[in-house]
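Hi there,

Here is the structure I promised to pass on. Please have a look at it first, and then read on for what turned up in it.

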Amino acid sequence: MIMNEIDVLICGGGIAGAAAAFWLGRAGQRVIVVERAPQPRKGGQAVDVRGAGRTVVERMGLLDQARTIATDQRGLAVVDANGRNLLRMPVDAFDGEGIVSEIEILRGDLAELLYRATLPDTDYIFDDTITAIDVDDHGVTVTLENSEPIRCRLVIGADGSHSVVRGLAFDDRTAVRPLGCYTSWFTVGAEFDLDGWVQMYNAPGGLTAMVRPGHGPDEIKAALSFRSGPLTYDRRDIAAQQDHLRQRFRDAGWRIPRLLDGMSTADDFGFDSMDQIHLPHWHRDRVVLLGDAGYCASPLTGLGTSLALVGAYVLAGELATNPGDHRRALISYEQLMRPYVKQAQQLPPGGIGGYAPDSRLALWLRTASMRASMHWPMRQLMVRQFARADAIDLPGYPLGATVPIC
């Protein structure tokens, strides 16, 4: 049995998926979001709302609410093994657009804000995922793992860098470009005072630890990252992933032992490789990719959230601007987004070596470079890097009237 036909099925209920549902709903589309998690995802690390992404949130009418749920972070502090500050880069060092931006929101909090903004107009199917996509001249039949098939006119894959939609509908064998680094994230108790600062500690061997304020004074958001060639591991085997981290960081010093102890009992532990996604096309027939599924930039750029928000707005806007012609809309979406994505995927100076230096000399050089970046002439290079968040002229779209997708 196939459910009644809807306009758009979105796979993935995170930031990109919920933002697309919001704008498509504004355009009068009947939207269903399929999300693998059993409920809206909670937790996660802080994400930046900056540049054109902030403009999109403002056009949603949600900017004031976004500021309300933002975490209170004073900036980035690089520390040594004894906890002494090697340098501090306050939020206002680059007018609120630096490594730690003016508006930093925990990923789950931003996703929930967007999710609530889509209700009650958007239907959600939780604890499910897509297993097959069959496209014909008139629409798409989507087979789900736990629910009845759904008939729709368009499928949007907004399901992250490990996208199921990309794997089913595209030739993605060369899409993933590893950056040679793995990262984990989790929440621990506030056993030490951060005084509002995001603290970063590096140890030789390409080891990086970051801690930042969480929801309140009783929690800290932690991340442990390490440089490595390709690893073979089971993404579902959390115990094995944590054992690997313990081995990597056992002699790293600083507050690492306490973070590893907290990691063992964290209920939001995540582990993944740092990758970028590059594809020659983001759409095929009636299937289109959005956000990390199509053009993941990696956490190093700080622009993944902007790409998700802007991509959702442009995709919905082009569908509204080209009523009845989804092919033209998807081509225009790519043409508008390509230059923005290309800039956003450019890694900051030093790339992975700047984030996780592999020797004591490299550590010293990276820290010296960061100090210099706050002063002329190096400052201009950093200003250009951060300006990429705003490197798109956002069109105005007719997203208030019903428009068909054929």
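Let me start with the inside of the protein. The largest nonpolar core has 87 residues, and the members that touch the most others in it are Ile10, Ile156 and Met337. Helix α9, residues 304-321, gives the most to this core, with 11 residues. Do keep in mind while you browse that this is a predicted model.

Now for the charged side chains. Searching the whole structure gives 23 salt bridges, and here are a few to look up.

One of them joins the side chains of aspartate 195 and arginine 74, at 2.7 Å from N to O. Aspartate 195 sits in the loop between β11 (176-189) and β12 (197-203), while arginine 74 sits in the loop between α3 (63-69) and β4 (75-79), so this pair ties together parts that lie 121 residues apart in sequence. What about their accessibility? Aspartate 195 is partly exposed, because its relative accessibility of 43% falls between the 20% and 50% cut-offs. Arginine 74, at 38%, counts as partly exposed too.

Glutamate 191 is in the loop between β11 and β12 as well. This residue forms a salt bridge with arginine 258, and the closest N and O atoms are 3.3 Å apart. Arginine 258 belongs to helix α7 (residues 256-265), and the pair links distant parts of the chain, 67 residues apart. With a relative accessible area of 35%, arginine 258 is partly exposed.

Arginine 116 is exposed, since its relative accessible area of 53% is over the 50% cut-off.

Finally, have a look at a group of charged residues: Glu5, Asp7, Arg30, Asp136, Arg151 and Arg153 are linked in a network of salt bridges.

Notes: Residues are numbered from 1 along each chain as its sequence is written. This is a predicted model: local features need pLDDT of at least 70, side-chain atom pairs count only at pLDDT 80 or more; totals for chains, interfaces and linings use all residues. Side-chain values use heavy atoms; hydrogens and water are left out. A nonpolar core is a set of buried Ala, Val, Leu, Ile, Met, Phe, Trp, Tyr and Cys residues joined through side-chain atoms within 4.5 Å. Buried means under 20% relative accessible area, exposed over 50%, partly exposed in between (1.4 Å probe, protein chains only). Helices (H or I, at least four residues) and strands (E, at least two) are DSSP runs, numbered from the N terminus. A salt bridge is a side-chain nitrogen of Lys or Arg within 4 Å of a carboxyl oxygen of Asp or Glu.
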